[in-house]
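Subject: Structure for your attention

Dear colleague,

Please find the structure below, with its sequence. I should be grateful if you would read the notes that follow with the structure open beside them.

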Number of protein chains: 2
Amino acid sequence: MNPPPNITDPLVLFMPSGKRGRFPRGTPILDAARSLGVYVESVCGGRATCGRCQIEVQQGNFAKHKIVSSLEHISPKGAKEERYERVRGLPEGRRLSCSATVEGDLVVDVPQDTVINAQVVRKAATDRVIERNAAVQLCYVEVDEPDMHKPLGDLDRLKAMLEKDWGWKDLLIAPHLIPQVQSILRKGNWGVTAAIHRDMDTSRPFIIGLFPGLKNEAYGIACDIGSTTIAMHLVSLLSGRIAASSGTSNPQIRFGEDLMSRVSYVMMNPDGREAMTKAVREAVNTLIGKVCAEGDVNREDIFDCVFVANPIMHHLFLGIDPTELGQAPFALAVSGSLQYWAHEVDIAVNRGARLYMLPCIAGHVGADAAGATLSEGPYRQDKMMLLVDVGTNAEIVLGNSTRVVAASSPTGPAFEGAEISSGQRAAPGAIERVRIDPETLEPKFRVIGVDKWSDEEGFEAAAAATGVTGICGSAIIEVVAEMYLTGIISEDGVVDGALAERSPRIIQNGRTFSYLLRDGEPRITVTQNDVRAIQLAKAALYAGVKLLMEKQGIDHVDIIRFAGAFGSFIDPKYAMVLGLIPDCDLSEVKAVGNAAGTGALMALLNRNHRREIETEVARIEKIETALEPNFQQLFVNAMALPNKVDPFPKLTEQVKLPLRKAATETGEPGDGAPRRRSREERAARRRG
Amino acid sequence: MNPPPNITDPLVLFMPSGKRGRFPRGTPILDAARSLGVYVESVCGGRATCGRCQIEVQQGNFAKHKIVSSLEHISPKGAKEERYERVRGLPEGRRLSCSATVEGDLVVDVPQDTVINAQVVRKAATDRVIERNAAVQLCYVEVDEPDMHKPLGDLDRLKAMLEKDWGWKDLLIAPHLIPQVQSILRKGNWGVTAAIHRDMDTSRPFIIGLFPGLKNEAYGIACDIGSTTIAMHLVSLLSGRIAASSGTSNPQIRFGEDLMSRVSYVMMNPDGREAMTKAVREAVNTLIGKVCAEGDVNREDIFDCVFVANPIMHHLFLGIDPTELGQAPFALAVSGSLQYWAHEVDIAVNRGARLYMLPCIAGHVGADAAGATLSEGPYRQDKMMLLVDVGTNAEIVLGNSTRVVAASSPTGPAFEGAEISSGQRAAPGAIERVRIDPETLEPKFRVIGVDKWSDEEGFEAAAAATGVTGICGSAIIEVVAEMYLTGIISEDGVVDGALAERSPRIIQNGRTFSYLLRDGEPRITVTQNDVRAIQLAKAALYAGVKLLMEKQGIDHVDIIRFAGAFGSFIDPKYAMVLGLIPDCDLSEVKAVGNAAGTGALMALLNRNHRREIETEVARIEKIETALEPNFQQLFVNAMALPNKVDPFPKLTEQVKLPLRKAATETGEPGDGAPRRRSREERAARRRG
C-alpha cells in the first residue's frame, strides 16, 4: 500500500526488538512501529489523548547500525501533544508516538513494562518480561450520528467505524451490550471506547465492553487454583503492570484435605459437586475483591481471566463431576483449552469478560502443569529439562525442543506434611529449616514467623507468639536428609536404635525408634513411620522421573525446575541428598515458584502463548505410570536413600566445595549446608 | 477423491432436483446423492437406524434422459434395512438410501415435505415448498472409549469422531453441555447423537445438544411478533413438517393499543420497558407451550427459533429501549440480523437452542417487512412487485431483481378500526362485510361468527349470541367504498346531506351527516369523521406507494401482494376502488397472509435464506417519507376518492366483467362485487 521506501528516507531502529525500516519524513512514529510489527499500545487511535503510545529517543552515534540518533531527528511537540503533557503529564524524555514524526535517523526505545517479581502467598512469579499481545484491546472511535437517509442501526454504525478506524471486520457484540448501545453512544456524544476481544474461540472478534468517551484502562486476572491455595495476579492489559498479587486458601479443604478425598466427597454426597463448585468460585470472587482492593482497581474493569488448575480443581471449578478422575481410566471430561464468558462460571467481573482455561495434559497432569510448562518452556530450548511440581501427585515434565514427555506419580501428601506425625501446613509456628549436629546429634531449627534459629539467644522469647507447632513439608525433607547425613537413619531408612545410647534424642517407640526434634508442648518427633512416608513419596517421585528418563533414553538431565510451593521452600541440595531428583549440576537446579501461575499470566498478557501451549500440549507424550510394567521396579529401587540405582547423587566438586565451606567455615545458619560423610564414616558410626 | 466416473457406470438421476451422475455399482444411493449436492437427511450416519434417508425409485423408460429405471437396478433390501422395516416400518416403495445401492440406471425420487397451508389466527402461511437446509443437524456417532495411553478428554474424543464421521471441523460446544458430556456418553454406551448448529454468527459450528443413543427428531419455531398478534409455527427441522401453528394476542396491548402509545409508556414509566419485554416474552413462551401441546412435541426438542417483528416489537422483545424509534431520526439500536442463545432472551426451549432475528430494513420498516420480503421475493423476479403490509404504519416494498426500494407511511390506526366511531378489533360480533343497495341505500352486512347476511332470514337469531358490536378494519374499507360507489359520499369524501330526503339512513350530526349502518344497541354509524380518517389513512398509504413508484420511475406495477391480517381480509377490489393501491391487473393482486411469518419459516428451514435476506436488506434503498419534499403533495393529492392523480383505478375490462357478472347475475353475497357508476350517473344522482 505504501510506496517502497526510498534509500534517502531516514532509518528508524526500534529497541529492544531491533526491527528497523526507512520512512519518509513526517511519518508518525506509531505508524512506523506498526508497519514493522513493533507492538506499541494505543487506545485513542492517534488522537493524542490516551497517552498509551509513549516512546523515547536514544541519542548518540550508533556506529554499528550506521545511525546518528538525535532529538533533532524527531518533530517538536505539536499542540495536541503539548496539551496532553499539560493535562496528563509526560515523563522526562517521553514522547507520544502518534504525534511525534520521523524527521531524521532515529533509535527509538519502546518502554517494556516488566512483569516483576511479586509474592503470592509464598509462591513467587519469577522475574521475566512478557511481550504483550493481550486478547482484549481498547479502541476509541467517533461514530456517525444517525441519518434518516441511511437508516443503519446505531450498533451497525459503531461496527462500521470500528472497521474503518481499527480494521475490525465481522465484529460481534456481547448480547448484554445490545440494549446499552444507544445510551452509551449518546452519553459519549458519539465518542466511545470499545473493548474488543480478539481471541475468541468462536473466531470472530467480539465487542465485550462499551464505554462513553475515552476509556483508558483494562485489567485481567491470572489465577492458579491449587488444592490448597488459590493464587492470583491482577494485571493491566495495557501496560502489563501487575497491580496486585495475592492468594487465599482453597475453602474446599473443608470437604477433604487432599484431592482424592474431595472426589470421594462428590461420590458420597448428592450435592457434593455443586457445593464444592460453589465454594471455589466464591473463594475466587473473594480473592478478586482482595486484589482489586490492593491494586485500587474496580472489578468492573476486569475484561479477561486466565485460569490454571489441576485436573480435579479444573473440573470442580467448571462445574464438572470429577468422579471419573478418581478411578481408571482417569478420563477427563475435556482436555482441550476452554473459553467461557466469565459470568457463565459465576465469576463476578465485567459482564463481558472472558475466561480462558489452559488445556489439561492428562488425567493427572492438569492445566496447572500446562501453565508451568508454558512458563518454563522445556520445548523452547535444546537442553534436557526436568520440570517437577510436587503436590499430592507429582506432575513431571521432561524434555527439550525435540520431544517432551509427561507423567504424574502418586507421591501422596507426605511432602505436604500430611501423614507425618508432627506434620503441618506451612504457617507461622511450623518448623521450616532443620540442621543436626553430626557429633552431638542435637538439632537446631527455624520456624516460620521467627527470625532466629532455635539455638540462638532470644529464640524462645521470639517464638512465644507463634509457638513451635509442627513440621512443614520443606522441613520434613531437611530433617530426614539430615538424619541420613548424620547416620541416624540408614540407607534403608531405619532409625538406628543403637544411637540411643549416645543421644537422648533417639527414643524408642515400641519396636522402632524416633528422633526427638523438640521436647515441649507439643512434642515434635520424627518417627520411623514418618521416615517411611517420606521414603514412599520420594520413591514415587524418583521412579516417575526415572521412567520419563528411560522414555527419553537419557541417564542425566541438564536442567531441573521445581515448581510450586513445595519446590519454592525445599532446599534443592537436600532434595538431591535424599534422591528426590536425579543428578544434575546444582547451578542448574532452580525453584521457580508458582510457574503454573506465571504460565497463566503469560497466556493472559499474550494470546500467542495460548496457541503455543495448546500446540505443545497436543505434542506432549503422556505416560501413564500405572500402565508401565517397570514402574514398580523403579519404585522399589528408589526406596533406598538416596537410591539404589544412583547410590549417591554425583554432586560435582564445584558444588560440593562451597557447600562444605558454608557449613564448616562460615557457619551461617541461613545458607548452612549439610556435610556428607562417606559410607565408611557412616558405617563406623552405626557400629559405634 | 473418488475416481472419475466411468461411462459404463450406471447413471442416476435425482428428482425433483434433476441432478445426475454416474456411480459404480454398489455405491450407496445416499452417497451418490451427497456427492451431487442433493439434500437427503440422515441422522444415524448410514447405520440404517434413523430412517431419515428414505427415497423412492421411479420405474419406466425415461427416454428424454436415456434412462430405463427399474426396481432391479437397486440392490435388494439387506439385513439392516429389513430390520429397520420390521421394527419401524417402511412405507410401500420407500427404501433407505444409506443401505440401498446403485446396481443399474436409476431415477430416484427424493420425497419433498411440503410446508402446507396452515391457519394462524386468521393469518395464513401460503402453500410453498421450502428446500430444507436447517441450521441444526443431528449427527449420531460412536465415540472411542477412554484410553490411558492417549488421555484425550471425553469431549475431545467426541469432537474427533464428529470430525471423522461427519466432517465437522473446529467444533465448539455450548458451555452448559460440558458438565454433561461424560454421563451422556456413558448412558449411551459411547453412542450419542449431537445436535450441531452450523449457522452460528460466530462462524464455528457448535454442539448445542447431546443425547445418549440415537435421537431422531429436532424442532424449530418461526415466530412473528406483531403489535396485536403473535403468530408461531412449530416445524420438524428434519422433515419440514409443520407440527402446529397457532397465535395469541400480544399482551402488551394493556400498555397501549398501538406502537406509539407503547413507546410513550416506556418514556413515562421507569420500568415500562422491562414490563413490556417481560410481557411479550411470557406470551411467546406460553405460545410455545400451546404449539407444543397441539403438535405433541416436547419443548426441550426445540433447537432453533427464528423471529420477525416490527422495529418497536423487535426492540422490546430483545430488551432494547424503543424510545429512539419514537422520534426523529428514528434510530434503530441495531438493524443487522442478530443471533442469541434462546435462553438469553428468556425463551424456554432446549437450553442449547439458538435464536435468529431477521434484520430490520429501517426505523419503521422492521424485521417483519424483511420476512415478508424474503417470502414474496420481489428481488427474485423481474416484474415490478408492490408488497404492502398495513398496520399502524404501512410498510411498503417495491421492486424487482434490479432494484428494490422501501418506505413506511404513517397510515395511523384507522385501517385497524381505531379512531373510527364504531370501529373495533376483528372479533365475533364485528361487521366484516358490507353492501349498500345503490337504489334504496339500504345496507346489508355480515358479522364475524355468524354465517348469514343481515338481510337473510334468521340472521337476528343467529347473531343473538355475539350481538353486532362494531365495524372491523376490513369492513370500514368496504363501507366507505360502497358509500362512494352509491354516491353517498363525493370524490372529496363529503357525506351528501341531500340524500337524507331520500333515505332515513342519512342522518344529520350538527354540521355534517352520517350513514346509519345499523340501528339498535349499539347504534352503528359511519360519520363524516370516520370517512375523513379513512381518507387520511388511504392517502398516506397511496402517497407512500406513489413516492416509491416515482423513485423507481414507473407509473404502473405488475404485481401487488397484500401481507398481514389487514391484507388477508380486505377485498382487493375495494382497496382499488378507494385508491389504496395503484392500478394493477386484479389477477395479480393477492393477499399473502402472514408473509412475515412465512419468511421466518423459510429462514428457519433453510439457513441460506438468512444470508439471502441479509444481503437483500443491505441492498434495499430506504426512503424516509418525512424527508421527501414531494411527499406532502402526493399525500394531499391522494385524499380524493379514489385519487386526484389516478382519477379512476384503470380496472381492465377482463377484470371488470366478471365482477359485474358476479354482482348482477349471481348475486352471491360472498363474492358480491361493487357496481360502479359513471361520473355522470353519480352526478345525476347527487342532483336528484
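In chain A, residues D368(A), A370(A), G371(A), A372(A), L374(A), S375(A) and E376(A) of helix α8(A) meet A595(A), A596(A), G597(A), T598(A), G599(A), A600(A), M602(A) and A603(A) of helix α14(A). Two residues are in contact here if their C-beta atoms, placed from the backbone, lie within 7 Å. Helices (H or I, at least four residues) and strands (E, at least two) are DSSP runs, numbered from the N terminus. By class, this contact of α8(A) with α14(A) divides into 8 nonpolar, 5 polar and 2 charged residues. For these classes, Ala, Val, Leu, Ile, Met, Phe, Trp, Tyr, Cys and Pro count as nonpolar, Asp, Glu, Lys and Arg as charged, and the others, Gly among them, as polar.

Two packed helices are described by the angle between their axes and the distance between the axes. Helix α8 (residues 367-376) and helix α14 (residues 595-605) of chain A pack at an angle of about 75 degrees, and their axes are 7 Å apart. Axes are lines fitted to C-alpha atoms, for helices over the stretch in contact, and angles run from 0 to 180 degrees between N-to-C directions. The helices α8(A) and α14(A) are therefore roughly perpendicular to each other. The cut-offs are as follows: angles under 35 degrees count as roughly parallel, over 145 as roughly antiparallel, 65 to 115 as roughly perpendicular and the rest as oblique. In chain B, helices α8 (residues 367-376) and α14 (residues 595-605) pack at about 75 degrees with axes 7 Å apart.

Please note that this is a predicted model, in which local features need pLDDT of at least 70 and side-chain atom pairs count only at pLDDT 80 or more, while totals for chains, interfaces and linings use all residues. Residues are numbered from 1 along each chain as its sequence is written, and chains are lettered from A and ligands numbered from 1 in the order in which they are written.

On confidence, pLDDT is the predictor's confidence in each residue, from 0 to 100. Chain A averages a pLDDT of 87, and 90% of the residues score at least 70. Over residues 114-126 of chain A, however, the pLDDT is below 50, and this stretch has 53 contacts in the model beyond near neighbours in sequence. Residues 646-688 of chain A also have a pLDDT below 50, with 48 contacts beyond near neighbours in sequence. Where pLDDT is low, the predicted coordinates should not be read in detail. For the complex, the predictor gives an ipTM of 0.84 and a pTM of 0.85.

I turn next to the two chains together. Their contact takes 41 residues from chain A and 41 residues from chain B. On the side of chain A that touches chain B, the elements that give two or more residues are α3 (154-166) and α4 (181-187) of chain A. The largest share, 3 residues, comes from α3(A). By class, this side of chain A has 22 nonpolar, 9 polar and 10 charged residues.

How are the two copies related? Chain A can be laid on chain B with an RMSD of 0.3 Å by a turn of 180 degrees and a shift of 0.0 Å along the axis. The two copies are thus related as by a two-fold rotation axis. Copies are superposed by least squares on the C-alpha atoms of residues with pLDDT of at least 70 in both. Of the residues of chain A, T202(A) comes closest to the rotation axis, at 2.6 Å (C-alpha). The same surface serves both copies, as 100% of the contact residues of chain A recur in chain B.

There is also a sheet to examine. In chain A, an open sheet of 5 strands has the order β2-β1-β7-β3-β6, with mixed pairing. Two strands pair if DSSP finds at least two bridges between them. The edge strands, β2 (20-22) and β6 (94-96) of chain A, each pair on one side only. Strands β1 (residues 11-15) and β7 (residues 106-109) of chain A pair in the parallel sense over 4 bridges, and the bridge partner of M15(A) in β7(A) is D109(A).

Finally, one peptide bond deserves a look. The bond from E521(A) to P522(A) is cis, with omega near 0 degrees, and P522(A) lies in the loop between β27 (512-518) and β28 (524-526) of chain A.

Yours sincerely
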